[in-house]
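Here's a quick tour of one protein model, meant to be read with the structure open beside you. Grab a viewer, and let's pick out some landmarks together.

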Amino acid sequence: MEILSGLNLEEFEALTEKLGASKFRARQIHNWIYLKSVKEIDEMTDLSVKFREQLKEVAKVTDTKIKVKQTSSDGTIKYLLEYPDGECVETVLMRFDNRANLTACVSSQVGCAVNCSFCATGKRGFIRNLNYKEIIEQVLTIQRDTGLKVTNIVFMGQGEPLLNLDNVLKAMKIFNEDFQIGARRLTVSTSGIIPQINKLAQLDMQSTLALSLHASNHETRAKLMQIENKYPMDELHKALKKYTDKTGRRITIEYLLIKDLNDTAQCAKELAWYLKDIKCNINLIPYNPTEKNDYQRPSNNSIMKFKYLMEHSGKKVTIRLERGADIDAACGQLRGKIK
Ligand code: SF4
């Protein structure tokens with residue numbers, strides 16, 4: 001049985017040709033899948049009943065199930081999706097009242113090999129890569145379930161996107177061309193996989209690269225992220241510089257603020273020094289405590305002081321709004337409760 005979600009226009013054309021229909025039918029099906037997000041072939045009302053019956057014999061819209069859905073009082077929706085092999089990943093839809101955008105946070109792998117100490121997903125280890133169809137299925141599921149059109153996509157769910165780069169790039173192409181989401185509204189995050197950052201620097205990627213830095217010095221970063229031992233901050237700095245020089249694009253530095261660990265004035269000074277020649281914006285993320293470790297959220301006063309010090313260094317700094325505080329919204333929390 002062919003799964004329609006994830007096919008590109010040429011593949012739809014091959015399918016309609018096999019069924020003896022025109023290329024125009026392929027375009028219609030394509031629009032029903034990506035722009036109108038239908039759940040069933042029967043909803044494709046501009047196709048004749050006869051053709052829909054023919055199509056239903058060989059294809060269906062999706063084979064991915066919503067296993068759990070949680071809705072926060074702030075409108076954030078978190079899904080645990082199940083693929084046909086029984087593996088599950090999390091996908092989150094975030095809405096911001098003051099902005100017209102609907103942001104989907106998608107997963108790129110089942111589990112993750114990077115094993116950051118603050119992350120529930122890393123505890124499970126790496127299970128497998130998602131193929132590009134499984135990645136785009138996450139956004140289609142959100143659109144089908146809510147009836148809304150996703151406007152922004154961030155690869156910040158489970159997994160390290162740059163360790164599944166081919167599938168991530170294929171999915172981004174489909175998000176851009178088939179979902180008609182602007183490349184600049186797509187963000188890929190990484191824990192700092194240097195060879196892949198170098199590879200991205202060679203591509204003319206209009207999307208945003210976000211680096212999860214989370215520390216201002218090697219010792220603290222190694223405590224938080226084992227990847228620091230493989231790709232240390234000084235080497236990472238060279239790769240970031242090369243990336244921004246080559247692409248001219250500003251990167252986003254993600255910095256998880258954890259009480260008494262990386263939130264001091266000294267850390268802010270070190271961070272400002274580290275980033276002084278990197279074209280970037282800084283996104284501060286106050287830690288959202290989980291039951292699995294002892295890290296704590298800094299006080300609002302410490303957060304604002306850190307922000308002030310970084311702004312003083314000439315960078316644009318934002319504080320990530322907390323979304324879904326009343327549901328299991330941190331990466332891997334929902335998945336962790338199921339198995
Ligand atoms: S934070 Fe991201 S890179 Fe680190 S273990 Fe979790 S999923 Fe992997």
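Let's start with Gln138, which counts as buried with 27 C-beta neighbours inside 10 Å. Keep in mind as you look around that this is a predicted model.

**Gln138 and its helix**

- You'll find Gln138 in helix H4.
- If you skip its neighbours within four places in sequence, Gln138 is in contact with Leu81, Thr91, Ala104, Val106 and Ser107.
- Take Ser107 from that list: 31 residues separate Gln138 and Ser107 along the chain, and their C-alpha atoms are separated by 8.1 Å.
- Helix H4 itself covers residues 132-146 and lies across S3, strand S4 (77-82), strand S5 (88-95), strand S6 (102-105) and strand S9 (152-155).
- Relative to S5, helix H4 runs at about 55°.

**The sheet**

- Ten strands make up an open sheet with mixed pairing, and their order is S3-S4-S5-S6-S9-S10-S11-S12-S13-S14.
- Who's at the edges? Strand S3 (65-71) and strand S14 (316-319) each have a single partner strand, so one side of each is left without a neighbour in the sheet.
- On average, neighbouring strands of this sheet are turned by 20° against each other, direction ignored.
- As background, strands of a sheet pair through backbone hydrogen bonds, either parallel or antiparallel.

- Strand S10 (residues 186-190) pairs with S11 in the parallel sense, over four bridges.
- In that pair, Ser189 has Ala210 of S11 as its bridge partner.
- Strand S11 (residues 208-212) also pairs with strand S12 (residues 251-257), again in the parallel sense, over three bridges.
- Ala210 turns up here too, with Thr252 in S12 as its bridge partner.
- Four of the five residues of S11 are buried, so this strand is largely enclosed by the rest of the structure.
- S12 and S13 pair in the parallel sense over seven bridges.
- Look for Leu256, which stands opposite Ile285 in S13.
- Strand S13 (residues 280-286) has two faces: Cys280, Ile282, Leu284 and Pro286 are on the covered one, while Asn281, Asn283 and Ile285 are on the uncovered one.

**Ile251, a residue in S12**

- Ile251 has its place in strand S12.
- Is Ile251 buried or exposed? With 22 C-beta neighbours inside 10 Å, Ile251 counts as buried, since the cut-off is 20 or more.
- Apart from neighbours within four places in sequence, Ile251 is in contact with Leu209, Ala210, Leu211, Leu240, Tyr243, Thr244 and Cys280.

**Two helices side by side**

- Two packed helices are described by the angle between their axes and the distance between the axes.
- The axes of helix H6 (residues 194-202) and helix H9 (residues 233-247) come within 9 Å and cross at roughly 10°.
- H6 and H9 are therefore roughly parallel to each other, as angles under 35 degrees count that way.
- On the H6 side, Ile194, Ile197, Asn198, Leu200 and Ala201 meet Glu235, Leu236, Ala239, Lys242, Tyr243, Lys246 and Thr247 in H9.
- The residues of this contact divide into seven nonpolar, two polar and three charged.

**Around the ligand**

- How many residues surround the ligand? There are twelve, and the closest are Cys112, Val114, Cys116, Cys119 and Gly122.
- The shell around the ligand divides into five nonpolar residues, six polar and one charged.

**Loop residues worth a click**

- Ser37 sits in the loop between helix H2 (23-34) and helix H3 (49-58).
- Its phi is near 50°, a positive value in a residue other than glycine.
- Ser37 is buried, with 23 other C-beta atoms within 10 Å.
- Asp42 lies in the loop between H2 and H3, and with 14 C-beta neighbours inside 10 Å it counts as partly exposed.
- Asp42 and Glu17 are 25 residues apart in sequence and 20 Å apart in space, C-alpha to C-alpha.
- Asn115 is in the loop between strand S7 (109-111) and strand S8 (126-129).
- Asn115 isn't a glycine, yet it has a positive phi of about 55°.
- Asn115 is partly exposed, with 17 other C-beta atoms within 10 Å.

Key:
Residues are numbered from 1 along each chain as its sequence is written. This is a predicted model: local features need pLDDT of at least 70, side-chain atom pairs count only at pLDDT 80 or more; totals for chains, interfaces and linings use all residues. Axes are lines fitted to C-alpha atoms, for helices over the stretch in contact, and angles run from 0 to 180 degrees between N-to-C directions. Angles under 35 degrees count as roughly parallel, over 145 as roughly antiparallel, 65 to 115 as roughly perpendicular and the rest as oblique. Two residues are in contact if their C-beta atoms, placed from the backbone, lie within 7 Å. Ala, Val, Leu, Ile, Met, Phe, Trp, Tyr, Cys and Pro count as nonpolar, Asp, Glu, Lys and Arg as charged, and the others, Gly among them, as polar. A residue is near a molecule or strand if its C-beta atom, placed from the backbone, lies within 6 Å of it. Two strands pair if DSSP finds at least two bridges between them. A residue is buried if 20 or more other C-beta atoms lie within 10 Å of its own, exposed if 12 or fewer, and partly exposed in between; C-beta atoms are placed from the backbone.
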